[in-house]
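Open the model in your viewer and keep the sequence panel beside it. This tour goes from selection to selection.

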Amino acid sequence: MSRTCIAGPAFNCFWVTFGVLLLISSKGLAIHAPGPTMNPKGNYMVNEKHLIRLIAGFILLGQSLMAQRPGLSLPDELNLLRNPSQHYDNRADNMAYWRYIARMGYVNVAPDKPTEPAVYKGFRIESRNLGILDSPDVVIVEGGTTQSENSVFIDPNNNERLFNSNNSSDFPVNVLFGADNYTSDDAGQNWEGEIYGAGGDNSGDPAAAIDLNGRMYVGFINEMFGQSVSYSDNGGADWVRILVASPPGGFPNMLDKNHLWVDNSLLSTYSGNVYTGWTRFSNGGAYDGEIQVSRSTTSAFSWSNPVTISEAVNAGSHNQGVNIQTGPAGEVYAVWAVYDTWPEDENALGFARSFNGGQTWEPATRIVSNIRGIRNSLTNKNMRVNSFPSMTVDNSSGPFGGTIYVVWANKGEPGVNSGNEINVYMIKSSDQGFSWTNPVKVNQDPPGLGKQHYFPWVACDPVTGNLSVIFYDDRNTEPQQCEVFIAHSVDGGQTWDDFRVSDVAFTPAPIPGLAGGYFGDYLGLAARNMRIYPCWTDNRSGVALSYVSPLMAGPAPNQSYVAYYSHNIESIGGGRQCTGFDLWRLGELFSRNAKHR
């Protein structure tokens with residue numbers, strides 16, 4: 001399997017050297033040329049051939065030096081990425097794609113700079129819904145690698161068994177491994193796996209899943225910028241890699257920003273189906289900028305031909321950032337960001353659904369319009385960003401079963417869309433996507449202070465129906481820093497409690513050796529049977545790595561739990577608090593913390 005090796009500096013050095021040699025050659029040939037190159041006064045002349053060489057040398061030298069522009073700020077670099085080019089598609093949002101563009105000399109890779117020191121905040125969590133918890137962060141892997149862009153999934157048969165995949169490279173960056181694979185059998189306290197791509201090196205954008213039979217899946221962009229899925233039946237020790245779809249022609253075309261999901265509902269007619277979707281970039285060709293979905297009814301062994309599902313939205317530019325989920329009866333839902341103008345921010349969310357296991361899809365609709373994402377207006381942080389939506393469906397038997405929830409980051413209040421403040425908003429549908437609520441702000445800090453919250457990812461516990469959302473947050477940090485927060489709801493998103501989950505505040509920065517201001521494009525989150533596993537990237541160690549901070553949530557409302565309180569009491573903030581108690585539910589003993597009321 002070929003690997004994406006990094007040769008940008010050598011590429012530029014070649015053209016610098018070639019330009020200099022042309023200059024020397026032109027000067028030397030002019031000086032030593034016979035009679036016709038010397039005028040009557042004895043001054044040397046440059047003939048037409050030599051003049052062409054001289055001009056070509058200066059052009060190559062100038063272009064090469066410009067291609068190596070050191071020290072550009074992130075906004076300047078992103079302005080370069082916004083420029084239309086016949087050589088690449090600047091709508092693409094993939095780590096390996098932009099690194100390939102850098103190899104060709106069109107953009108820079110991030111230089112190796114010291115990382116700003118992290119600020120330790122502690123691992124104690126105080127939450128109205130969860131109580132008081134000690135939740136120290138756990139690094140998934142460290143040493144000789146970078147890890148970013150996180151996907152995490154819980155085994156539906158064992159809520160302490162986890163599967164995680166991240167965009168992976170060596171460090172210092174020379175080789176991109178793509179979507180890797182790590183597992184934990186002890187609720188995220190310890191991890192094992194490898195930094196290399198699952199089933200071979202690839203272009204990343206991981207989407208991880210586990211089905212009811214324990215088969216692990218990871219979807220990704222392959223090294224040819226098409227779509228592939230790898231699966232493992234032995235906990236990640238061995239992988240089988242399957243091609244799902246090839247890119248439409250060669251570079252710069254690609255199939256971008258994929259997502260994968262498996263239907264694990266026991267009530268579903270289509271239980272076991274696997275779905276993967278992406279954006280087709282075909283350089284103005286057929287279905288350019290449209291969302292496509294493929295399904296597998298054979299546990300990823302074979303895949304259907306792609307179905308284009310977004311055309312009815314009539315995006316002015318393109319659709320991107322698809323997220324796929326399934327409902328209790330096997331309903332298939334897809335949501336994505338709509339760009340009517342490019343390069344501009346996201347301005348609507350598109351949505352499509354299937355009621356026959358992904359065979360056919362109803363015409364797509366815009367479920368919310370007049371929003372403003374952050375893809376091109378950016379944040380205060382030194383990293384590229386987006387407002388791709390995240391979606392979840394309540395597959396529990398609780399009072400909100402079947403409800404669809406969608407979150408995204410919006411510049412100002414939706415419909416107003418102004419100011420520097422960025423908040424996380426949610427809409428929901430309780431009728432299979434026929435109608436949607438007005439947006440509700442998820443993060444609970446006061447508005448109007450210019451704070452920024454972005455990269456939300458939402459999960460609904462399929463046992464309790466409780467909701468969790470992870471996001472980057474700067475309410476308690478300097479503007480260039482952020483922490484990781486969790487928002488939690490036990491009433492179907494009507495009210496929210498949010499709290500810091502990361503042990504540190506850190507300063508995001510482009511990963512050295514990668515291109516386009518890249519520090520990852522999304523976070524990960526999974527929840528099942530009261531366990532919550534947030535997963536994110538930060539650079540507290542001086543290198544971008546992936547972390548988890550396992551949490552134990554409370555029982556769902558109106559469910560039969562019996563709580564046995566311990567007498568481990570301490571005083572916090574003047575009140576008497578329980579720091580530990582056990583919950584007995586259906587014969588299983590759980591441990592968590594809560595306030596003593």
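Two strands count as paired if DSSP finds at least two bridges between them. Keep that in mind for the sheets below. Note also that this is a predicted model.

**Whole chain**

Select everything first. The chain has 597 residues, and 59% of them count as buried. The accessible surface comes to about 23100 Å². Carbon and sulfur atoms hold 53% of that surface.

**Confidence**

Colour by pLDDT. The average over the chain is 85, and 79% of the residues score at least 70. Next, select residues 1–72, where the pLDDT is below 50. Beyond near neighbours in sequence, this stretch still has 83 contacts in the model. Then jump to residues 561–597. Here too pLDDT stays under 50. The model gives this stretch 89 contacts beyond four places in sequence.

**Sheet E11 to E14**

Which strands form the edges of the next sheet? Select it and look. Four strands lie in the order E11-E12-E13-E14, as an open sheet with antiparallel pairing. Its edges are E11 (207–210) and E14 (240–245), each of which pairs on one side only. On average, neighbouring strands are turned by 20 degrees against each other, direction ignored.

Zoom in on E11 and on E12, residues 216–221. The two run antiparallel, joined by four bridges. Show Ala208 and find its bridge partner in E12, Val218. Strands of a sheet pair through backbone hydrogen bonds, so display backbone atoms for this view.

Now select E27 with E28, residues 467–473. How many bridges join them? Count six, between strands that run antiparallel. Finish on Tyr454. Which residue of E28 stands opposite Tyr454? The residue there is Tyr472. Show both side chains and leave the pair on screen.

Key. Residues are numbered from 1 along each chain as its sequence is written. This is a predicted model: local features need pLDDT of at least 70, side-chain atom pairs count only at pLDDT 80 or more; totals for chains, interfaces and linings use all residues. Side-chain values use heavy atoms; hydrogens and water are left out. Buried means under 20% relative accessible area, exposed over 50%, partly exposed in between (1.4 Å probe, protein chains only). Accessible areas come from the Shrake-Rupley method with a 1.4 Å probe; for residues, only the protein chains shown count as cover. pLDDT is the predictor's confidence in each residue, from 0 to 100. Contact means heavy atoms within 4.5 Å. Axes are lines fitted to C-alpha atoms, for helices over the stretch in contact, and angles run from 0 to 180 degrees between N-to-C directions.
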